[in-house]
Amino acid sequence: MKVELKQLQTPVKNLWCPGCGDFGILTAIKRAVVELGIDIENVVFVMGIGCHGKMANYINANTFKVIHGRVLPVALGIKMANHKLTVIGHSGDGDAYGIGMGHFPHAIRRNLDMTLIVHDNMVYGLTTGQVAPTSQKGYVSKTTPYGNIENPINPIALAIASGATFVARVFPSHLAHTINVFKQAIQHRGFALVDVLQVCHTFNKVNDYNYYKKRTYILEETDYQPNDRVEAFRKALEWGDEGTPGNGIPVGIFYKEDQPTFEEQIPALRNGPLAQQPLENINIDMLAENFS
Ligand SMILES: Cc1ncc(C[n+]2csc(CCOP(=O)(O)OP(=O)(O)O)c2C)c(N)n1
Ligand SMILES: [Mg+2]
């Protein structure tokens, strides 16, 4: 069934802080799904633990809220069991790039056809403001009262270096652009990463709305072409103050390429999703004999 925007609403009371960047992400993903006209029965959202994970309660669709850091293994499992589903993961920066980091490059190199949207507020929001893997150097938090002395992870560069076939960053205040990138990520055949610059007014007073408004510029409004991995890597290293190409924070699609997906290469899945294959005529006697 194709879905209308209002059908995706839930009656659950929203507990995000006023002005939280998660509101923009929720709006954009709902609109992306509606505009793509995909059957909502065939979409599964997988959320991690964190403020972002509350999204599982705020969207009226199939949602699976997993333990902290395990969005990718569960999303991959869902996709393998029924590869006809559209699988969209929502992780936090701590969830995806901290505790869940071991899964990140491996999911990328497998290239399953799924989307991972990371709510990157550069802080542990739900646990009230500890330093995170993407927190910037010097960032003062409860756990770094004298300023963060570690360098932040660059998820865009990491994804490109890991062989990702779709890598993007968005800032949801550019709402139309964010919806458009989400749509392209979902439509991409392969693993798509969208890192979202998400403001957290409560615990990250540095990377706020004005910080990004001043610095971001849209790649699709420049002559940048997202088809060269080396150029994409160079672009991924850009993080400037002026909001201009070469000295700003680029948002948009850094890189995309067509590669066979993981599921396309598995002979057993050619007969249809595992979840729909008949179980009656499976004989495991020969297998059992091997172990007897
Ligand atoms: C295994 C495990 N370790 C630690 C926690 C505590 N914990 C809950 S959320 C969280 C971090 C959340 O940060 P992030 O993933 O960036 O999400 P945000 O709240 O910022 O959206 C932590 C450490 C947990 N729930 N489970
Ligand atoms: Mg976070």
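Colleague: Which residues come nearest to ligand 1?

Modeller: This is a predicted model. There are 16 residues around ligand 1, and Cys51, Asp93, Gly94, Asp95 and Leu126 come nearest.

Colleague: Take Gly94. How far is its backbone N or O atom from an oxygen atom of the ligand?

Modeller: The distance is 2.9 Å.

Colleague: And Val123?

Modeller: A polar backbone atom of Val123 is 3.1 Å from a ligand 1 oxygen atom.

Colleague: What about Gly125, how far is its polar backbone atom from a ligand oxygen?

Modeller: That pair is 2.9 Å apart.

Colleague: Switching to helices. At what angle do H1 and H7 pack?

Modeller: About 55 degrees, with the axes 8 Å apart. H1 covers residues 22–36 and H7 covers residues 175–187.

Colleague: Is the crossing left-handed or right-handed?

Modeller: The crossing of H1 and H7 is right-handed.

Colleague: Which residues make the contact?

Modeller: From H1: Gly24, Ile25, Thr27, Ala28, Ile29, Arg31, Ala32, Glu35 and Leu36. From H7: Leu175, Thr178, Ile179, Phe182, Lys183, Ile186 and Gln187.

Colleague: How many of those are nonpolar, polar and charged?

Modeller: The H1–H7 contact has 9 nonpolar, 4 polar and 3 charged residues.

Terms used
Residues numbered from 1 in each chain as written. Chains lettered and ligands numbered in written order. Predicted model: local features only at pLDDT ≥ 70, side-chain atom pairs only at ≥ 80, totals over all residues. Heavy atoms only, no water. Axes fitted to C-alpha atoms, helices over the stretch in contact; angles between N-to-C directions. Helix = DSSP H or I, 4+ residues; strand = E, 2+ residues; numbered from the N terminus. Left-handed = near helix turned anticlockwise from the far one by under 90°. Contact = heavy atoms within 4.5 Å. Nonpolar A, V, L, I, M, F, W, Y, C, P; charged D, E, K, R; others polar. Near = heavy atom within 4 Å. Polar contact = N/O pair within 3.5 Å; in protein donor to acceptor, adjacent residues only side chain to side chain.
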